[in-house]
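Trainee: I would like to learn how to read a protein model, one feature at a time. Could we go through it together?

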Amino acid sequence: MELRQLEHFLAVAEELSFTRAAQRLHVVQSGVSASIKNLERDLGVLLLDRSARQVRLTEAGTRFMAEAYAVLDVAQQAREAAAGDEGELTGTLRLGTMTAIRLIDVPAILGEYHRRHPQVQVLMSAAASGSQGLLTALHERRIDLAFLSTRGAPPGIRRIKVAESVLRLVVPAGDELAGRDRIELGELAGRDFIDGPEGYGTRAVTDAAFAEADVQRRVTLEIADLSTGLDYVRHGLGIALLPDYLLSGDLPAGVVVVPVGGQADLDWPVFLAVREDRTPSAAARALVELVGQWRDRRE
């Protein structure tokens, strides 16, 4: 078994495509296919189901995937130990993010990271299933770090707070609530809400606030990009609790922000998350340090 074979297998397992994996690895597709076939022959099991139109992991492949990540983690730590403080950082950093994360200037952070560590390849992916999907990817070792939002600290995950926003109620300008100085959550029972899908951080904050107030809430429209929420509200499709950074400056015509009173906890925190049961690579530690510097400059 060779480390190269594990890298090829994990690339295919993540991409679920030999073609995309080969492009990512910058090798020919036949080389990736041969490498994995040799690995399967050595193990005596099939890791990938190639019979369907899309490549799929077998049960053995799913079990092997976590262990393959662990082996590569140890190999990377060994390389870093041997290199000591000599030379530039190298390797690959796998970063997961929420689909819409304007509260943090991710492009600026990664641009600075690239200028500092040009030899590190950053592979960034957005989780369509939100923060819950990012947690799953962290647990399964498919990513090294993740920008996410969770209520409470999940077992095995260390969270570093990066930024915070507050969810504010937005209603159509002609809504009966538009002229109010403030409302209570109990007054919103039975209203149609626009929100992110289940698993999204903002959805978890809102669901928890309504549960704490013992108020039923009905979500009739789920949107993956919260920045479009104002438009949906403006066209009368429902009301929404949106992060206040989306509401800065001049609001578009047709929407009104109404303060929410009472004890409702509508704070929406964003964290940089990393697994606790593994030593982050030097490349990952460098990004954690940079994000901390970015946070301190904002404060």
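Trainee: Which residues does Leu16 touch, not counting residues up to four places away in sequence?

Mentor: Contact means heavy atoms within 4.5 Å. By that rule Leu16 touches Gln54, Val55 and Arg56, not counting residues up to four places away in sequence. Keep in mind that this is a predicted model, where local features need pLDDT of at least 70, side-chain atom pairs count only at pLDDT 80 or more, and totals for chains, interfaces and linings use all residues. Residues are numbered from 1 along each chain as its sequence is written, and side-chain values use heavy atoms, with hydrogens and water left out.

Trainee: Where is the place of Leu16?

Mentor: Helices (H or I, at least four residues) and strands (E, at least two) are DSSP runs, numbered from the N terminus. Leu16 sits in the loop between helix H1 (3-15) and helix H2 (18-25). Its phi is near 55°, a positive value in a residue other than glycine.

Trainee: How do I read the accessibility of Leu16?

Mentor: Buried means under 20% relative accessible area, exposed over 50%, and partly exposed in between (1.4 Å probe, protein chains only). Leu16 has 28% relative accessibility, so Leu16 counts as partly exposed.

Trainee: And is His26 buried or exposed?

Mentor: His26 has a relative accessible area of 68%, so His26 is exposed. This residue lies in the loop between H2 and H3. Phi of His26 is near 60°, again a positive value in a residue other than glycine.

Trainee: What about Thr150: buried or exposed?

Mentor: Thr150 counts as buried, because its relative accessibility is 11%. Look for Thr150 in the loop between strand E5 (145-148) and strand E6 (157-172). Not counting residues up to four places away in sequence, Thr150 touches Leu135, Arg159 and Phe271.

Trainee: Now the helices, please. At what angle do H1 and H2 pack?

Mentor: Axes are lines fitted to C-alpha atoms, for helices over the stretch in contact, and angles run from 0 to 180 degrees between N-to-C directions. H1 and H2 pack at about 125°, and their axes are 8 Å apart. That makes H1 oblique to H2. Here is the scale: angles under 35 degrees count as roughly parallel, over 145 as roughly antiparallel, 65 to 115 as roughly perpendicular and the rest as oblique.

Trainee: Which residues meet there, in H1 and in H2?

Mentor: On the H1 side they are Glu7, His8, Ala11, Val12, Glu14 and Glu15, and on the H2 side Phe18, Arg20, Ala21, Arg24 and Leu25. By class, this contact has five nonpolar, one polar and five charged residues. For the classes, Ala, Val, Leu, Ile, Met, Phe, Trp, Tyr, Cys and Pro count as nonpolar, Asp, Glu, Lys and Arg as charged, and the others, Gly among them, as polar.

Trainee: How do H1 and H3 cross?

Mentor: The axes of H1 and helix H3 (residues 29-43) come within 9 Å and cross at roughly 110°. H1 is therefore roughly perpendicular to H3. The crossing is left-handed. A crossing is left-handed if the near helix is turned anticlockwise from the far one by less than a right angle, and right-handed if clockwise.

Trainee: What is the handedness of the crossing of H5 and H9?

Mentor: That crossing is right-handed. Helix H5 (residues 106-116) and helix H9 (residues 282-298) pack at an angle of about 130°, with axes 10 Å apart. H5 and H9 are therefore oblique to each other.

Trainee: How many residues does the largest nonpolar core have?

Mentor: A nonpolar core is a set of buried Ala, Val, Leu, Ile, Met, Phe, Trp, Tyr and Cys residues joined through side-chain atoms within 4.5 Å. The largest has 55 residues, and those with the most contacts inside it are Ile104, Phe147, Leu169, Leu188 and Leu287. Apart from that core lies another, of 20 residues, among them Ala21, Ala22, Leu48 and Val55.

Trainee: Finally, how many helices and strands does the chain have?

Mentor: The chain has nine helices and 11 strands. Buried residues make up 44% of its 299 residues. Along its principal axes, the C-alpha trace spans about 70 × 45 × 35 Å.
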